[in-house]
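The values and their cut-offs are given together, as a computational reader may wish to check them.

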Amino acid sequence: MLRSRHLPVDPSCLLCNSDFEPPIHLFGSCFLARQVWYSSNLQVDSQKIVGRNFIEWWLSLVRPWSNLGNKDEIIRVAIFLLWQIWKARNAKVFSNVQACPLVTAQTAHHLALEFSVVVAEQAVHNSPSSSVSSSPTSIGQWVLPPFPLFKLNVD
């Protein structure tokens, strides 16, 4: 994205010294990403995930989980893994800090669990039996995207 705005960006992957770092490489085929995915509880062999672009790659990743009863929890962990891989990349680029794949995966799992607890607490707090109003605000209420999509806010 920055290159499309004509800003100078090093296209190489500083995590594995690859010549090119498209999103599929960063999140799937980069050495660090492969280690993070496999050391996570999901034990994904990210080299077997295919796609011509990130959306196709993501759909290929989540497709095997689509009929599982806990697919939302699994996808939540996958999203937090993506986020932690991104943060590991940024730590290397901006601070020259090399991330540990196991710690990166454990952090993602911890954050996903923490997020699940908050969501569950909000569901109880906003239940019809709650004394607090759960009506949407004047700007509307956020709606969860349908499977297998997810919403990602970036600045």
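The points that follow go from the chain as a whole to the core, the aromatic pairs, the salt bridges and the surface.

1. Basis of the values. This is a predicted model, in which local features need pLDDT of at least 70 and side-chain atom pairs count only at pLDDT 80 or more, whereas totals for chains, interfaces and linings use all residues. Residues are numbered from 1 along each chain as its sequence is written, and side-chain values use heavy atoms, with hydrogens and water left out.

2. Overall fold. The protein chain has five helices and zero strands, and its pattern along the sequence reads α-α-α-α-α; helices (H or I, at least four residues) and strands (E, at least two) are DSSP runs, numbered from the N terminus. Of the contacts between residues at least 6 apart in sequence, 52% join residues at least 24 apart, a contact being heavy atoms within 4.5 Å.

3. Burial and surface. The protein chain has 155 residues, of which 30% are buried, where buried means under 20% relative accessible area, exposed over 50%, and partly exposed in between (1.4 Å probe, protein chains only). Its accessible surface comes to about 10600 Å², and 59% of this belongs to carbon and sulfur atoms; the areas come from the Shrake-Rupley method with a 1.4 Å probe, and for residues only the protein chains shown count as cover.

4. In soluble globular proteins, nonpolar side chains tend to be buried together. Here the largest nonpolar core has 29 residues, and those with the most contacts inside it are Trp37, Trp57, Trp58, Leu61, Trp65, Leu81 and Ile85. At least two residues of this core come from each of helix H1 (23-29), helix H2 (31-39), helix H3 (54-62), H4 and helix H5 (101-125), with H4 giving the most, nine residues. A nonpolar core is defined as a set of buried Ala, Val, Leu, Ile, Met, Phe, Trp, Tyr and Cys residues joined through side-chain atoms within 4.5 Å. Trp65, one of the residues with the most contacts inside the core, touches Leu42, Val44, Lys71, Ile74, Ile75 and Ala78, not counting residues up to four places away in sequence.

5. Aromatic pairs. The structure holds six aromatic pairs. For Phe54 and Trp57, the ring centres are 5.6 Å apart and the planes lie at 25°, so the pair is stacked. The cut-offs are as follows: rings of Phe, Tyr and Trp (its six-membered ring) pair if their centres lie within 6.5 Å, and planes under 30 degrees apart count as stacked, over 60 as edge-to-face and the rest as tilted. Both Phe54 and Trp57 lie in helix H3, three residues apart, about one turn of the helix; Phe54 counts as partly exposed at 22% relative accessibility, whereas Trp57 counts as buried at 0%. Phe80 and Phe115 form a tilted aromatic pair, with 5.9 Å from centre to centre and 55° between the planes. Phe80 is in helix H4 and Phe115 in helix H5, so this pair ties together parts that are 35 residues apart in sequence. Phe80 is buried, with a relative accessible area of 13%, and Phe115 is partly exposed at 40%. Ring pairs also link Phe27, Trp37, Phe54, Trp57 and Trp86 into a cluster.

6. Salt bridges. Two salt bridges are present, each being a side-chain nitrogen of Lys or Arg within 4 Å of a carboxyl oxygen of Asp or Glu. In the one between Asp45 and Lys48, the closest N and O atoms are 4.0 Å apart; Asp45 is partly exposed at 35% relative accessibility and Lys48 exposed at 64%. In the one between Arg52 and Glu56, the closest N and O atoms are 2.7 Å apart; Arg52 is exposed at 73% relative accessibility and Glu56 partly exposed at 26%.

7. A buried serine. Ser60 lies in helix H3 and counts as buried at 15% relative accessibility. Not counting residues up to four places away in sequence, Ser60 touches Ile49 and Val50.

8. Surface patch. Leu14, Val93 and Phe94 form a nonpolar patch on the surface, with about 280 Å² of accessible area together. Patches are made of residues with over 30% relative accessible area and no salt bridge, like charges being joined within 9 Å and nonpolar side chains (Val, Leu, Ile, Met, Phe, Trp, Tyr) within 5 Å. Phe94 is found in helix H4 (residues 71-95) and is exposed, with a relative accessible area of 65%.
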